[in-house]
Amino acid sequence: MSTQAATASTTLTKEDLFHDFGHGGTVELMLIGPEEARRMLETNKSNRPISPNQVAFLSLQMKTGQYKLTHQAIAFDENGILQDGQHRLSAIIKSGTEQWLFVHRNMSSKNFMVIDGGLKRSAADVLYVSGEHEWNRELAIIGSFLINMKAKRATVAIMNSGSAATHVTKQDVLEFLQRNPEIRSSVTVGSKAYEERRELGITKSLLSAYHFLFTLVDKKKADEFFVMYTLQENLSRTHPVYVLNDVLRKNGERHVYSTKGKLSMQAKINLFVKAWNHFIAGDANVVKLNVKNKLEMICDKNREEVQEAILEQLK
């Protein structure tokens, strides 16, 4: 037993080790060894994937006596499912040591959305635990992007979709996706387009988000546009999708070894939306797509700007 553990065992009484909050939740200070850690981890049903690097780091701290008792705890929800602490428990097993940890029980299962442990939980982690395993990261970015677009923070949405600069909380994203479940279909389309045309340089998340926005204008046309973008078959040299792909491909080829003069993501999105606007209006004779600094607004077949209107459709 470590010095820390021995000291704690001689100075703490049973009453000191346990507290009832009075609303069902309790906290207890426990000395946890490898066997108890394994038992606790058996209830780890839907947490995010374990990070081996984090476990190794904590394990080394425990072996060398550097790990200290802090407010960071093990937590179980009202169903006995592990909510927080999987990395600490795994490190106890790996290190073969015993550690004093606070253990919370009967906590609300909704707490996961606001918990920040040793590794910061992202919106993607929240979605993973909520059952969204396949596209959790993409959906988190898309949700953040669309919320920012609706709030008229377009530049933040396009350039910083996955960063803290988006002003969007994890709960915002989860609730937004629950209200707009159709977004998941667009992730499938956007992901395929990205995998087939990765060299064109538009991210999977942005392709998925714009497919979803285009479907709010005309779903059939949105699907057609993405098939053309993905397959690039039977397109004339003046077709807007051909011109779009040609510009993006040449830009990527010219800047393989240098970023000087490379199109920004916002410039690529401007071209992408401009090509859509030509396509939806039935214009098949496009010679050039000009890049503007101002964000290109999504239009309908009558060339009317409908971006604000479709964003208002989002719940």
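The model is predicted. The chain holds 14 helices and five strands. Of its 315 residues, 47% count as buried.

**Overall make-up**

- The accessible surface of the chain is about 16300 Å². Carbon and sulfur atoms account for 51% of that surface.
- Take the contacts between residues at least 6 apart in sequence: 68% of them join residues at least 24 apart.

**Helices α10 and α11**

- Helix α10 runs over residues 183-196, and helix α11 over residues 204-231.
- Two packed helices are described by the angle between their axes and the distance between the axes.
- For α10 and α11, the angle is about 100 degrees and the axes lie 7 Å apart.
- Angles of 65 to 115 degrees count as roughly perpendicular, and α10 and α11 are therefore roughly perpendicular to each other.
- On the α10 side, the residues that meet α11 include Ile183, Val187, Val189, Gly190, Ala193 and Tyr194.

**Threonine 230**

- The side chain of threonine 230 reaches back to the backbone oxygen of phenylalanine 226, at 2.7 Å.
- An α-helix has 3.6 residues a turn, so residues three or four places apart point the same way.
- Setting aside neighbours within four places in sequence, threonine 230 is in contact with Lys192, Ala193, Glu196 and Arg197.

- Helix α12 covers residues 240-254. Its 15 residues should span 21 Å at 1.5 Å a residue, and its end C-alpha atoms are 21 Å apart, which agrees.
- The buried residues of α12 are Pro240, Val241, Val243, Leu244, Asn245, Asp246, Leu248 and Asn251.
- These buried residues pack against α11 and α13.
- Helix α13 covers residues 265-280. Its 16 residues should span 22 Å at 1.5 Å a residue, and the end C-alpha atoms are 22 Å apart, in agreement.
- Helix α13 is mostly covered, with 16 of its 16 residues buried.
- Glycine 282 follows α13 and has a positive phi, near 80 degrees.

- Asparagine 106 is not a glycine, yet its phi is positive, at about 60 degrees. Asparagine 106 lies in strand β5, residues 99-107.
- The relative accessibility of asparagine 106 is 41%, so asparagine 106 counts as partly exposed.
- Glutamine 232 is another residue other than glycine with a positive phi, near 55 degrees. Glutamine 232 sits in the loop between α11 and α12.
- At 24% relative accessibility, glutamine 232 counts as partly exposed.

**Arginine 88**

- Arginine 88 is found in helix α5, residues 86-95.
- Its relative accessibility is 5%, so arginine 88 counts as buried.
- Arginine 88 and methionine 62 are 26 residues apart along the chain. Their C-alpha atoms are separated by 9.6 Å.

Conventions. Residues numbered from 1 in each chain as written. Predicted model: local features only at pLDDT ≥ 70, side-chain atom pairs only at ≥ 80, totals over all residues. Heavy atoms only, no water. Helix = DSSP H or I, 4+ residues; strand = E, 2+ residues; numbered from the N terminus. Polar contact = N/O pair within 3.5 Å; in protein donor to acceptor, adjacent residues only side chain to side chain. Contact = heavy atoms within 4.5 Å. Buried < 20%, exposed > 50% of the residue type's maximum accessible area, 1.4 Å probe, protein only. Areas by Shrake-Rupley, 256 points an atom, 1.4 Å probe, with all protein chains shown as cover. Expected span 1.5 Å × (residues − 1). Axes fitted to C-alpha atoms, helices over the stretch in contact; angles between N-to-C directions. Parallel < 35°, antiparallel > 145°, perpendicular 65-115°, else oblique.
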